[in-house]
Amino acid sequence: MVKGDLDSFYSFLDHLPIAALVISFEEHQVDDLSAQKICHVNFKYLELIGYPLSATPDAASWMQLAYPQPEYRQEITNRWKDESAAAMQRDDVTAKAIVNVRCNDGRNRCFEAFSEVRSTILPNHYIISFIDITDMTVKMEGLKRQSVMDQLTGVYNQYHLLQRVEQEIERAVSSDSYFTLMMFDLDFFKMINDRYGYECGDQVLISCASMINEVLSSEDCLARWNGADFIVLIREGNSGIARQVIQKALQKIRAHTFLWQDISFAMTATIGLTTYQSGDNADKVLERADLALKRGKQMGGDFVFMDITSG
Ligand SMILES: Nc1nc2c(ncn2[C@@H]2O[C@H](COP(=O)(O)OP(=O)(O)OP(=O)(O)O)[C@@H](O)[C@H]2O)c(=O)[nH]1
């Protein structure tokens with residue numbers, strides 16, 4: 001490509017709506033990042049990523065600034081190598097990767113990055129382009145979080161709980177471990193709704209969820225099952241220890257004075273507890289916890305009823 005053509009090509013790149021940089025290299029320097037010169041960056045690149053050519057004259061210095069954490073830099077380097085080899089094999093022109101880049105304004109932005117794996121327009125040059133997907137990624141993560149949360153109480157929902165039970169069963173099978181599942185139901189909750197209104201009932205559910213969560217470890221899982229029912233999954237397979245954990249939550253709830261407008265009242269809860277048994281599937285464990293809860297309710301509530309098969 002002659003000089004005039006190169007200028008028109010750079011001018012074309014400058015006005016693209018995506019960030020792009022051009023790197024030049026000699027055939028024998030293909031693996032040496034410090035020998036790969038950054039020879040052009042476009043306007044969108046300067047707006048988003050922002051490193052001037054003087055700060056990043058070559059690919060190695062660019063990598064240092066864009067990926068300051070050495071482990072992540074190494075991970076990205078390996079990923080590009082793999083993606084480039086796969087693209088070559090498919091006879092594709094570009095390799096693609098999602099990357100988190102530290103930009104010159106100090107912000108981390110998430111990009112879908114495309115790198116040419118063979119020179120197509122300029123001999124011994126390759127173009128890397130970046131599409132900013134930061135906003136989309138943040139939205140997707142928010143939606144993903146929402147899809148596993150109960151909107152009212154902020155604890156996990158049924159969908160997530162079932163996934164966790166399946167995971168714990170897999171773990172139990174592969175490592176010969178056990179876990180405890182408890183069905184947790186507030187006593188006479190309907191009466192709270194009927195007497196003081198649904199909004200008051202909502203506040204009770206929110207407070208109780210928070211009190212149960214306070215006694216659990218980060219490995220455990222609390223989920224809203226339906227209405228006033230919650231499910232607590234405790235990784236501890238010893239039912240005696242799990243029972244002590246949940247007793248703490250019960251004590252908190254019993255000792256709590258619930259306030260609604262100028263009324264104060266107390267709440268209790270009943271728990272059906274079971275532990276995973278070899279050969280169980282999710283339905284079986286849940287069924288046993290539900291049965292234990294019903295037995296606890298039959299005994300008048302405010303009680304932890306242990307399924308008799310739980311050791
Ligand atoms: N405030 C509120 N109430 C709900 C919600 N979802 C379900 N409920 C109510 O929860 C009540 C059912 O609770 P239950 O646990 O079956 O009733 P209970 O009075 O506690 O009965 P026992 O469990 O036998 O003590 C019904 O009145 C539902 O309308 C919710 O999101 N908010």
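## Helix α9 and its surroundings

The buried residues of α9 pack against β6 (180-186), α8, β8 (229-234), β11 (269-275) and β12 (304-306). Contact here means C-beta atoms, placed from the backbone, within 7 Å. Helices (H or I, at least four residues) and strands (E, at least two) are DSSP runs, numbered from the N terminus. This is a predicted model: local features need pLDDT of at least 70, side-chain atom pairs count only at pLDDT 80 or more, and totals for chains, interfaces and linings use all residues. Residues are numbered from 1 along each chain as its sequence is written.

Helix α9 covers residues 239-255, 17 residues in number. Its first and last C-alpha atoms lie 24 Å apart, close to the 24 Å expected (1.5 Å times one less than the number of residues). Ser239, Ala242, Ile246, Ala249, Leu250 and Ile253 are its buried residues. They cover an arc of only 100° around the axis, so they sit on the same side of α9. The arc is taken from the directions between the helix axis and the C-beta atoms. The face turned away carries the exposed residues Gly240, Ile241, Gln251 and Ala255. Buried means 20 or more other C-beta atoms within 10 Å of a residue's own, exposed means 12 or fewer, and partly exposed lies in between.

## Helix α10

Helix α10 spans residues 282-298. Val285, Leu286, Arg288, Ala289, Ala292, Leu293 and Gly296 are buried. These residues fall within an arc of 160°, so they line one face of α10. Their cover includes α6 (158-175), β6, β11 and β12. On the other side, Asp283 and Gln298 are exposed. Just after α10, Gly300 has a positive phi of about 105°.

## Where α7 meets α8

Helix α7 (residues 189-196) and helix α8 (residues 198-215) have axes that come within 6 Å and cross at roughly 140°. Axes are lines fitted to C-alpha atoms over the stretch in contact, and angles run from 0 to 180 degrees between N-to-C directions. Phe189, Ile192, Asn193 and Tyr196 of α7 meet Tyr198, Cys200, Gly201 and Val204 of α8.

## Two loop residues with positive phi

Phe188 lies in the loop between β6 and α7. Its phi is near 50°, positive in a residue other than glycine. Phe188 is partly exposed, with 13 C-beta neighbours inside 10 Å.

Asp91 sits in the loop between α4 (70-90) and β3 (94-102). Its phi is also positive, about 70°. Asp91 is exposed, with 8 other C-beta atoms within 10 Å.

Key:
Two residues are in contact if their C-beta atoms, placed from the backbone, lie within 7 Å.
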